[in-house]
Amino acid sequence: MHALSLPTWMIHISSVLEWMAAMWFIWQFATVTQRPVWRWLAIGMFPALVSAMAACTWHLFDNASGLAWLVTLQAAMTVIGNCTLCLAAWWIWRQSSISAASPK
């Protein structure tokens, strides 16, 4: 675990925990407001969480060359996560546009 300093580890771990908390809060927001479309945002955040965990795991094992595939996984999950977050945001926007346009 010598690859990162203690303050850097604290930032990495707290970022992962904050991301998980954000996913949970968004899920709760969807429940409380009775707008289940928001759950797609929490689901869309999952690949980015996998990306962060892959990076932390690689660093945990001192950036071992045998685990270099984690770097590829991390990069792929970042791209996929960006796409799923974009799709989730678009879906929330689309659903809110449909709701606003429908007669009341």
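**Close-up 1. Helix H1 and its buried residues.** In helix H1, the residues Trp9, Val16, Met23, Ile26 and Ala30 are buried; buried means under 20% relative accessible area, exposed means over 50%, and partly exposed lies in between (1.4 Å probe, protein chains only). Helices are DSSP runs of H or I with at least four residues, strands are runs of E with at least two, and both are numbered from the N terminus. Keep in mind that this is a predicted model, in which local features need pLDDT of at least 70, side-chain atom pairs count only at pLDDT 80 or more, and totals for chains, interfaces and linings use all residues. Residues are numbered from 1 along each chain as its sequence is written, and side-chain values use heavy atoms, with hydrogens and water left out. What lies over the buried residues of H1? The cover includes helix H2 (39–44) and helix H3 (46–60). Just after H1, Gln34 takes a positive phi of about 55 degrees.

**Close-up 2. H1 from end to end.** How far apart are the end C-alpha atoms of H1? They are 38 Å apart, which agrees with the 39 Å that its 27 residues should span at 1.5 Å a residue. The expected span of a helix is 1.5 Å times one less than its number of residues. A handy rule to remember here: an α-helix has 3.6 residues a turn, so residues three or four places apart point the same way.

Close-up 3. Ile13, Leu17, Met20 and Met53 make a nonpolar surface patch of about 350 Å². Patches are made of residues with over 30% relative accessible area and no salt bridge; like charges are joined within 9 Å, and nonpolar side chains (Val, Leu, Ile, Met, Phe, Trp, Tyr) within 5 Å. A salt bridge is a side-chain nitrogen of Lys or Arg within 4 Å of a carboxyl oxygen of Asp or Glu. Accessible areas come from the Shrake-Rupley method with a 1.4 Å probe, and for residues only the protein chains shown count as cover. Which helix gives the largest share of the patch? That is H1 (residues 6–32), with 3 residues, and Leu17 is found in this helix.

Close-up 4. Is Trp19 buried or partly exposed? With a relative accessible area of 32%, Trp19 is partly exposed. Leaving out residues up to four places away in sequence, Trp19 touches Met45, Ala48, Leu49 and Leu85; contact means heavy atoms within 4.5 Å. The C-alpha atoms of Trp19 and Arg35 are separated by 21 Å, and these two residues are 16 residues apart along the chain.

**Close-up 5. The largest nonpolar core.** Of the 13 residues in this core, Ile26 and Leu41 touch the most other members. H1, H2, H3 and H4 each supply at least two residues of the core, and the largest share, 4 residues, comes from H1. A nonpolar core is a set of buried Ala, Val, Leu, Ile, Met, Phe, Trp, Tyr and Cys residues joined through side-chain atoms within 4.5 Å. Now look at Ile26: not counting residues up to four places away in sequence, Ile26 touches Trp38, Leu41, Ala42 and Met45. In soluble globular proteins, nonpolar side chains tend to be buried together.

Close-up 6. The buried residues of H3 are Pro47, Leu49, Ser51, Ala54, Cys56 and His59, and their cover includes H1, H2 and H4. The 15 residues of H3 should span 21 Å at 1.5 Å a residue, and the end C-alpha atoms are 21 Å apart, which agrees. In the loop between H3 and H4 you will find Asp62 and Asn63. Asp62 has a positive phi of about 55 degrees although it is not a glycine, and Asn63 likewise has a positive phi of about 55 degrees without being a glycine. Asp62 is partly exposed at 40% relative accessibility, and Asn63 is partly exposed at 30%.

**Close-up 7. Helix H4.** Leu70, Met77, Gly81, Ala88 and Ile92 are the buried residues of H4, and H2 and H3 are among what covers them. The 33 residues of H4 (residues 69–101) should span 48 Å at 1.5 Å a residue, which agrees with end C-alpha atoms 48 Å apart. Gln95, found in H4, counts as partly exposed at 26% relative accessibility. Gln95 and Trp38 are 57 residues apart along the chain, and their C-alpha atoms are separated by 9.9 Å.
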